[in-house]
Amino acid sequence: MASRGGFSNRLGFIAAAAGSAVGLGNIWKFPYEVGENGGAAFLVIYLACAFLICLPIMLAETAIGRNTRLNPFGAFNKLGNRKWGLVGLLGVLSGIMILSFYNVVAGWAFGYFIQIGFGGLLSEGVNYGEYFGGFVSDITDNLLYSIGFMVLTALIVAGGVQKGIERWTKILMPLLVVMILGLISYGLTLDGAMDGLSFYLVPDFSEITANTFYTALAQAFFSLSLGMGALITYGSYVGKNDSIVGAAALITIADISIAFLAGLMIFPLVFSQPSIEANAGPGLVFVALPGIFETMGSIGPFIGASFFLLLCFAALTSTVSLLEVPVAFVTDQFKTNRKKTVYFVATFIFFVGLPTMLSQGASDFFTNFTYYGGESKDFFTLIENVFSDLALPLGGFFIAIFAGWSWKNKGFQKELYFGNATLEGTFLEKMILFMVRFVSPFVVGAIFIISVLQIFFNISLF
Ligand code: TRP
């Protein structure tokens, strides 16, 4: 066990898991999904998914990890059987595929840091929408930035659990929050801020469709790093005296708060610029923010570069958790040298990400890669749909079923008692079990069916 490493204490785990959760999902993905799915109504469903459905699954993942001290595949094999091992394997595969595209988007953030800080991007007359389109289809820049990002990720993961992952998260996350709070205050002073706030905070429930549900659920899984065993892996480094119930609640609250703040930051900024639409899609933060930094005058480049730098750090603590999963899998199962494994797996995933990088306009083949759901789709969208929107909820479904029904001798409950002896027999315990057994699997299962129909067949049930 000593050779596997571990977090120094409960706070170390909370920091690392929150660092994994908080990332591009909160600041890049969440705002544009709110923007595309009708604003506040999406927010309400998202919050319900996070606390009612995902939090219980987070407990299940962490408990499985701590109990087995193994990667997802090893964990399911040990507690269950070979068939359950497949769930772990799906998780490892999802981790690889998610990191392959996540690293590309992280490269964009890295590129914006460089271009704003050192490339003079913020100058009058730049159309940031066009700039973004040109930027993502420029393959040479993207290659450099994403190689840079993967190297950083690999260096941290190679540094080990405590000194690498844990230490950096504790320093950089608070800085990011301060930055966001600053931008919120600034945004609220701008014309149009109130329209932005009402879009974000006053729900119009007529906006809700089947699409809203599946997007919100998939986003909750993605943002909380759930459904593929990232928290099984992190859980495997948690001590037996640490309460995981309180930890999971704190991680969820931290992650959701930062997503919420990111929305508070972005929508006033979006509505203050007439040329930008809330439903601009994946380019939203990359298009909305530079225009605002430009209005700040001479401090604009400094604020802008700092913002994207911190975004890179947030992304880095997430890529680290994504890389950790296949690395733990390979080192546990094949008893390989950890450092060598890190560099090998990182290189492999970088190459897996190349088609995604090429699918934003650089290569016609990957940009119009396939056709389903009534539209031609690029390679990036395909991978995101399959390995994030579908595979994470599916993995979460099985994780809940496993912990709730299949784990023998009340294994799940007993694992929760470690570090939390007073839990036994309480209402809270009954609630957790009820959620893990009934609510999470049922809702996730139902929404999964909705998602498949929606994504691949363009059939909307309501
Ligand atoms: N949660 C991270 C974000 O919001 C991304 C992430 C890290 C992730 N690890 C994960 C997503 C594991 C799914 C599974 O940016």
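This report covers the salt bridges, the ligand site and some loop residues of a predicted model.

## Basis of the model

The model is predicted: local features need pLDDT of at least 70, side-chain atom pairs count only at pLDDT 80 or more, and totals for chains, interfaces and linings use all residues. Residues are numbered from 1 along each chain as its sequence is written, and side-chain values use heavy atoms, with hydrogens and water left out.

## Salt bridges

A salt bridge is a side-chain nitrogen of Lys or Arg within 4 Å of a carboxyl oxygen of Asp or Glu. The count under this rule is 6 salt bridges. One of them joins K29 to E384, with the closest N and O atoms 3.3 Å apart. K29 belongs to helix α2 (residues 24–36) and E384 to helix α18 (residues 379–406), so this pair ties together parts that are 355 residues apart in sequence. Helices are DSSP runs (H or I, at least four residues), numbered from the N terminus. Both K29 and E384 are buried, where buried means under 20% relative accessible area, exposed means over 50%, and partly exposed lies in between (1.4 Å probe, protein chains only).

E415 takes part in a salt bridge with R66, and here the closest N and O atoms are 2.7 Å apart. The pair links distant parts of the chain, E415 in helix α19 (residues 411–417) and R66 in helix α3 (residues 40–68), 349 residues apart. E415 is buried at a relative accessible area of 1%, and R66 is buried at 0%. E415 also forms a salt bridge with K240, with the closest N and O atoms 2.9 Å apart. K240 sits in the loop between α11 (230–235) and α12 (244–271), 175 residues from E415. K240 is partly exposed, with a relative accessible area of 30%. Elsewhere, salt bridges that share partners join K29, E33 and E384 into one network.

## Ligand site

The ligand is surrounded by 16 residues, and the closest are A21, G25, Y102, F222 and S321.

Polar contacts (pairs of N or O atoms within 3.5 Å) include one between an oxygen atom of the ligand and a polar backbone atom of A21, at 2.9 Å. Y102 places a polar side-chain atom 2.4 Å from an oxygen atom of the ligand. A polar backbone atom of S223 is 3.0 Å from a nitrogen atom of the ligand. Taken alone, the ligand exposes 360 Å², and the protein buries 100% of that; these areas come from the Shrake-Rupley method with a 1.4 Å probe. Helices α1 (10–21), α2, α10 (210–223) and α14 (300–334) are the elements that give two or more residues to the shell around the ligand.

## Loop residues

G38 lies in the loop between α2 and α3. G38 is buried, with a relative accessible area of 17%. The C-alpha atoms of G38 and F348 are separated by 38 Å, and the two residues are 310 residues apart along the chain.

Most residues other than glycine have a negative phi. S225 has a positive phi, near 60 degrees. S225 is in the loop between α10 and α11 and counts as buried at 12% relative accessibility. K335, also not a glycine, has a positive phi of about 50 degrees. K335 is found in the loop between α14 and α15 (338–352) and is exposed, with a relative accessible area of 69%.

Technical notes. A residue is near a molecule or strand if one of its heavy atoms lies within 4 Å of it. A polar contact is a pair of N or O atoms within 3.5 Å; within protein, one must be able to donate a hydrogen and the other to accept it, and residues adjacent in sequence count only if both atoms are side-chain atoms.
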